[in-house]
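Dear colleague,

Please find below the structure for your files, with its sequence. My notes on what was found in it follow.

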Amino acid sequence: VASASERLRLFCAETGECRFTFTGHEDWVRVATFSSDGTLVASGSYDGTARIWSARDGQCIQKFDGHHGALVAAALTTA
(Lines give C-alpha, C1' and ligand atoms only; values in the text may rest on other atoms or scores of the structure.)
Protein backbone atom coordinates (compact mmCIF):
# COMPACT_ATOMS: atom_id res chain seq x y z
CA VAL A 1 0.00 0.00 0.00
CA ALA A 2 1.40 3.37 -0.96
CA SER A 3 0.71 5.94 1.72
CA ALA A 4 1.03 9.51 2.86
CA SER A 5 4.34 8.68 4.52
CA GLU A 6 7.86 7.59 3.62
CA ARG A 7 6.92 3.98 4.25
CA LEU A 8 5.40 1.34 2.03
CA ARG A 9 3.59 -1.59 3.63
CA LEU A 10 2.77 -5.04 2.30
CA PHE A 11 -0.26 -6.73 3.85
CA CYS A 12 -1.36 -10.36 3.70
CA ALA A 13 -4.65 -10.50 1.76
CA GLU A 14 -5.93 -13.43 3.84
CA THR A 15 -5.16 -12.20 7.36
CA GLY A 16 -4.76 -8.44 6.96
CA GLU A 17 -1.45 -8.71 8.81
CA CYS A 18 1.38 -6.38 7.78
CA ARG A 19 4.11 -8.62 6.38
CA PHE A 20 6.73 -5.96 5.65
CA THR A 21 7.29 -2.26 6.07
CA PHE A 22 9.59 -1.03 3.33
CA THR A 23 11.68 1.94 4.47
CA GLY A 24 14.11 4.12 2.58
CA HIS A 25 12.13 6.79 0.76
CA GLU A 26 12.63 10.28 2.20
CA ASP A 27 9.21 11.68 1.25
CA TRP A 28 5.70 10.35 0.66
CA VAL A 29 5.37 7.18 -1.39
CA ARG A 30 3.08 8.08 -4.28
CA VAL A 31 2.85 4.81 -6.23
CA ALA A 32 3.55 1.10 -5.87
CA THR A 33 3.06 -1.88 -8.18
CA PHE A 34 3.87 -5.59 -8.27
CA SER A 35 5.75 -7.48 -10.96
CA SER A 36 3.60 -9.96 -12.89
CA ASP A 37 5.10 -12.88 -10.97
CA GLY A 38 4.53 -11.19 -7.59
CA THR A 39 8.16 -11.34 -6.48
CA LEU A 40 9.03 -7.63 -6.84
CA VAL A 41 7.48 -4.34 -5.84
CA ALA A 42 8.32 -1.04 -7.52
CA SER A 43 7.69 2.20 -5.66
CA GLY A 44 7.93 5.86 -6.57
CA SER A 45 8.08 8.78 -4.20
CA TYR A 46 7.88 12.53 -3.96
CA ASP A 47 11.59 12.34 -3.07
CA GLY A 48 12.32 11.77 -6.78
CA THR A 49 13.47 8.17 -6.37
CA ALA A 50 12.15 4.85 -7.59
CA ARG A 51 12.97 1.65 -5.77
CA ILE A 52 12.67 -2.05 -6.48
CA TRP A 53 11.92 -4.24 -3.47
CA SER A 54 11.76 -7.97 -2.84
CA ALA A 55 8.19 -9.00 -1.99
CA ARG A 56 9.66 -12.10 -0.32
CA ASP A 57 11.83 -10.43 2.33
CA GLY A 58 11.14 -6.67 2.08
CA GLN A 59 14.71 -5.74 1.13
CA CYS A 60 15.49 -2.91 -1.27
CA ILE A 61 17.14 -4.43 -4.37
CA GLN A 62 17.73 -1.27 -6.41
CA LYS A 63 17.39 2.50 -5.97
CA PHE A 64 17.04 4.83 -8.96
CA ASP A 65 18.07 8.47 -8.43
CA GLY A 66 18.08 11.48 -10.68
CA HIS A 67 14.41 12.12 -11.32
CA HIS A 68 13.24 15.70 -11.03
CA GLY A 69 10.04 15.96 -9.01
CA ALA A 70 7.67 13.32 -7.78
CA LEU A 71 7.24 9.92 -9.39
CA VAL A 72 3.52 9.35 -9.87
CA ALA A 73 3.43 6.17 -11.97
CA ALA A 74 5.34 2.89 -11.99
CA ALA A 75 5.36 -0.31 -14.01
CA LEU A 76 7.48 -3.46 -13.94
CA THR A 77 8.19 -5.87 -16.76
CA THR A 78 10.20 -9.06 -16.57
CA ALA A 79 12.22 -10.48 -19.44
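Strands S4 and S5 are paired in the antiparallel sense, with five bridges between them. Strands here are DSSP runs of E of at least two residues, numbered from the N terminus, and two strands pair if DSSP finds at least two bridges between them. Please note that this is a predicted model, in which local features need pLDDT of at least 70 and side-chain atom pairs count only at pLDDT 80 or more, while totals for chains, interfaces and linings use all residues. Residues are numbered from 1 along each chain as its sequence is written, and side-chain values use heavy atoms, with hydrogens and water left out.

The pair belongs to an open sheet of four strands in the order S3-S4-S5-S6, with antiparallel pairing. S3 (29–34) and S6 (60–64) stand at its edges with a single partner strand each, so one side of each has no neighbour in the sheet. From one strand to the next the twist averages 15 degrees; axes are lines fitted to C-alpha atoms, and angles run from 0 to 180 degrees between N-to-C directions.

Five bridges connect S3 with S4 (residues 40–45), and Val 31 is placed opposite Gly 44 of S4. Gly 44 in turn has Ala 50 as its bridge partner in S5. Between S4 and S5 the hairpin has four residues, and Gly 48 there takes a positive phi near 85 degrees. S5 and S6 are joined by four bridges, again antiparallel, with Ile 52 opposite Gln 62 of S6. Their hairpin has five residues between the strands, and in it Gly 58 takes a positive phi near 80 degrees.

**Burial of S5**

Is S5 enclosed or open to the outside? Five of its five residues are buried, so the strand is largely enclosed by the rest of the structure. Buried means under 20% relative accessible area, exposed over 50%, and partly exposed in between (1.4 Å probe, protein chains only). Both faces of S5 are covered: Ala 50, Ile 52 and Ser 54 are buried on one side, as are Arg 51 and Trp 53 on the other.

**The S1–S2 hairpin**

S1 (residues 8–11) and S2 (residues 18–22) run antiparallel and are joined by four bridges. One of the facing pairs is Leu 10 with its bridge partner Phe 20 in S2. Six residues lie between these strands, and Gly 16 in this hairpin takes a positive phi near 80 degrees. In a regular strand the side chains alternate between the two faces of the sheet.

**Aromatic cluster**

The whole structure was searched for aromatic pairs, and two were found. The ring centres of Phe 20 and Phe 22 are 6.2 Å apart with planes at 55 degrees, so this pair is tilted. For Phe 22 and Trp 53 the centres are 5.1 Å apart and the planes at 65 degrees, so this pair is edge-to-face. Rings of Phe, Tyr and Trp (its six-membered ring) pair if their centres lie within 6.5 Å; planes under 30 degrees apart count as stacked, over 60 as edge-to-face and the rest as tilted.

Together, the ring pairs link Phe 20, Phe 22 and Trp 53 into a cluster. Phe 20 counts as buried at 17% relative accessibility, and Phe 22 is buried at 2%. Phe 22 lies in S2 and Trp 53 in S5 (residues 50–54), so their pair ties together parts that are 31 residues apart in sequence.

**Salt bridge and confidence**

The search for salt bridges (a side-chain nitrogen of Lys or Arg within 4 Å of a carboxyl oxygen of Asp or Glu) finds one in the whole structure. Lys 63 forms it with Asp 65, the closest N and O atoms being 3.5 Å apart. Lys 63 is partly exposed at 36% relative accessibility, and Asp 65 is exposed at 53%.

The average pLDDT (the predictor's confidence in each residue, from 0 to 100) is 89 for the protein, and 94% of the residues score at least 70.

With kind regards
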